[in-house]
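Look at the sequence and the structure below.

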Amino acid sequence: MTRVLLVQLPIPRQNFGRKTGNVPLGAACLKQAVRNFSGVTVDILPESVVSYLADAALVEAIRDRRPDVLGFTVFSWNIQRSLYVCEKIRETGRPRIVFGGPEITPDNSLPRAPQVDFRVHGEGEAVFRRLLAEPGFWANGSAAESAADIFRSAPSPYLSGWLEPEVQRLMLLETQRGCPYRCGFCYYNKSRTGLVFAEEEHLLRAVAWAVEQQIGEVYLLDPSLNARPNLRQLLAGIGRLNTEQRIGLFSEIRAEAIDEPLADLLAAAGFIWLEIGLQSTNPKALKIMNRPTRLDRFAQGAQRLKQRGITPGLDLIIGLPGDDLAGFMRSVDFVADHDLQDDVQIFPLSILPGTNFRRRHRELGLGFEAHPPYTVTATPTFAPEDFLLAYDYAETRLDTVFFPLPDLDLSWRLAGRDGPLDIRVGLGGRSYVAKLNLQGERPIAEIEGLARCLTQPYQVLVGPAMRDSAYLKKVLTVLTAANPFTPLEVVFFDPAELPAASELLAAVRLQRPHFLDGDLRFLYPKPGNRAVLFTVASGARQPRFQGEMKRQVYWWRRSELPSLEDLGEFAELDGVLIDCAVSPAEICAWQDRWGLPAAEQYHISFAEVGLQRRWLLLTCPDEYVEKVMAWQSA
Ligand code: SF4
């Protein structure tokens with residue numbers, strides 16, 4: 001029997017339990033493609049486990065399954081960590097390792113690392129079948145093969161129960177492969193020339209299943225929904241299944257294609273959000289990126305969605321060749337002037353492997369980071385400082401924040417339990433530490449053991465009695481050396497002195513640059529340590545510990561709960577930790593009463609972990625995964 005294990009690592013997050021969007025749909029398609037093979041078992045490391053384990057625990061979870069073949073789906077946000085995990089796996093075993101996913105392109109040398117035996121370019125089903133059926137095929141080292149016939153008639157893998165729709169409350173439904181457009185920054189078409197569409201019968205069966213199972217949301221994974229022949233017929237069919245609008249639909253579409261009848265059909269089908277990439281209004285930039293756009297028709301199409309209660313999600317890109325700061329600002333003005341700012345995402349340009357811009361980067365004069373996510377750093381018309389100015393302008397004009405602080409969760413106490421405890425969660429039948437408690441010194445051997453069973457991310461909770469900074473540095477070295485890709489937060493409760501963050505950072509053994517360094521480089525323009533957050537909780541009212549990856553919170557230990565007015569007194573700090581000697585019922589009543597109005601104005605946390613969980617699920621119900629936040633005592 002050949003045991004195959006498929007793994008897809010998430011975008012790193014700075015709050016445990018936050019949704020990661022890490023749905024291993026590609027892995028499920030591969031499993032489906034070989035479901036009739038005898039002598040092969042294919043397992044997928046479940047989303048609810050793989051997305052929340054730190055590096056060492058993840059390696060252990062993979063080793064325990066003793067795979068003969070180990071497959072990774074790699075994106076810009078996980079390729080380096082995937083390579084690291086493979087390196088660790090190879091220390092004790094020799095499974096054959098195969099990589100597939102968007103990062104596998106001929107011009108990307110990263111996946112040509114020695115620990116990768118085989119690279120799959122483009123869609124994977126046909127190649128995966130050959131790898132499992134023809135042992136000699138591995139010797140090729142890489143392959144690309146169309147899976148159009150398999151894809152066209154394949155039922156959704158959700159129907160076989162291989163994915164966990166309850167984690168994101170979301171079903172991804174692949175309706176099309178390939179895109180009729182050729183935008184210069186995009187690698188979607190890297191290895192295919194034509195389009196292939198999933199059969200309508202299978203799509204409708206999947207939608208019916210989602211309605212029946214009350215999945216909540218269905219995302220039609222389609223780079224351009226309008227490219228589908230018979231789209232209107234498909235939408236009418238979905239509308240008939242979703243008459244009570246029990247599911248909300250999401251997808252991507254070209255706004256210029258939305259006329260009145262199509263907008264009506266989209267609304268009747270149950271669409272609540274559609275991504276309509278604008279990228280830029282600068283004619284020169286649009287021309288260079290090969291994305292002709294009729295701006296008047298774009299605005300009309302977007303308005304038609306809004307009129308029907310469908311949110312248009314707009315994307316803009318900073319740093320496009322041919323664009324400059326003034327041009328970017330005009331794009332932002334276009335969005336605001338047409339009242340389309342409901343949901344705007346702004347990305348710095350990434351010069352992704354396999355794209356036209358990567359091939360032409362010298363000709364276009366594009367400077368970019370050598371490591372993922374390959375962020376552009378300068379162009380002939382964008383100076384490095386323009387990127388932050390562009391974000392500043394967009395935040396002011398669109399009245400939004402593009403880089404919010406991580407959510408505040410300083411909870412540390414378990415109801416009914418005294419004394420300092422590590423706070424654990426159960427994932428995949430095992431117990432992992434999400435909050436490591438350092439009220440006093442613990443033997444380093446114990447810390448080494450804990451380093452092997454941490455969650456991603458994790459917190460180190462440092463109590464007032466912990467004053468030996470040399471010991472703390474040692475702990476941070478041990479934890480991060482075992483988990484070099486896992487973000488962490490170090491929380492100091494009533495410290496005698498303010499933490500020397502730069503000294504502590506010198507002890508941290510995280511991979512640098514970390515993916516989050518690239519992700520937040522415009523917020524903190526100097527090279528940084530954006531995978532480590534330092535927080536101080538104390539009774540100090542004056543801000544004394546703020547700045548790059550530092551925050552200071554007021555520790556509310558009074559006998560009564562605060563009013564909103566009370567919270568306003570700490571507006572200059574980064575939040576309030578509520579730790580009152582009142583009953584849980586009173587705190588629940590406070591949460592129910594103030595909920596969203598308080599959360600919209602202030603960062604608030606609760607000392608007891610169950611109440612903190614309740615608060616997060618109450619104030620950001622769509623952001624957290626209830627299932628993984630089941631706290632356990634040590
Ligand atoms: S950006 Fe969207 S429309 Fe352009 S090529 Fe990529 S998938 Fe197609």
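Strands β18 and β19 (residues 454-462) run parallel and are joined by five bridges. Helices (H or I, at least four residues) and strands (E, at least two) are DSSP runs, numbered from the N terminus; two strands pair if DSSP finds at least two bridges between them. Between β18 and β19 the chain passes through helix α17 (residues 444-451), and this β-α-β crossover is right-handed. Right-handed means that, with the strands pointing away from the viewer, the path from the first strand over the helix to the second runs clockwise. Within the pair, Val 433 stands opposite Leu 454 in β19.

This is a predicted model, in which local features need pLDDT of at least 70 and side-chain atom pairs count only at pLDDT 80 or more, while totals for chains, interfaces and linings use all residues. Residues are numbered from 1 along each chain as its sequence is written, and side-chain values use heavy atoms, with hydrogens and water left out.

Strand β18 also pairs with β17 (residues 423-427), here in the antiparallel sense and over five bridges. Gly 426 has Ser 431 of β18 as its bridge partner. Two residues lie between the strands of this hairpin, where Gly 428 takes a positive phi near 60 degrees.

Some backbone positions stand out. Most residues other than glycine have a negative phi, and most peptide bonds are trans. A cis peptide bond joins Gln 456 and Pro 457, with omega about -15 degrees; Pro 457 is in strand β19. Another cis bond joins Pro 372 and Pro 373, with omega about 5 degrees. Gln 279 has a positive phi near 70 degrees and is found in the loop between β12 (271-275) and α11 (283-288). Gln 279 counts as buried because its relative accessibility is 7%.

Notes. Buried means under 20% relative accessible area, exposed over 50%, partly exposed in between (1.4 Å probe, protein chains only).
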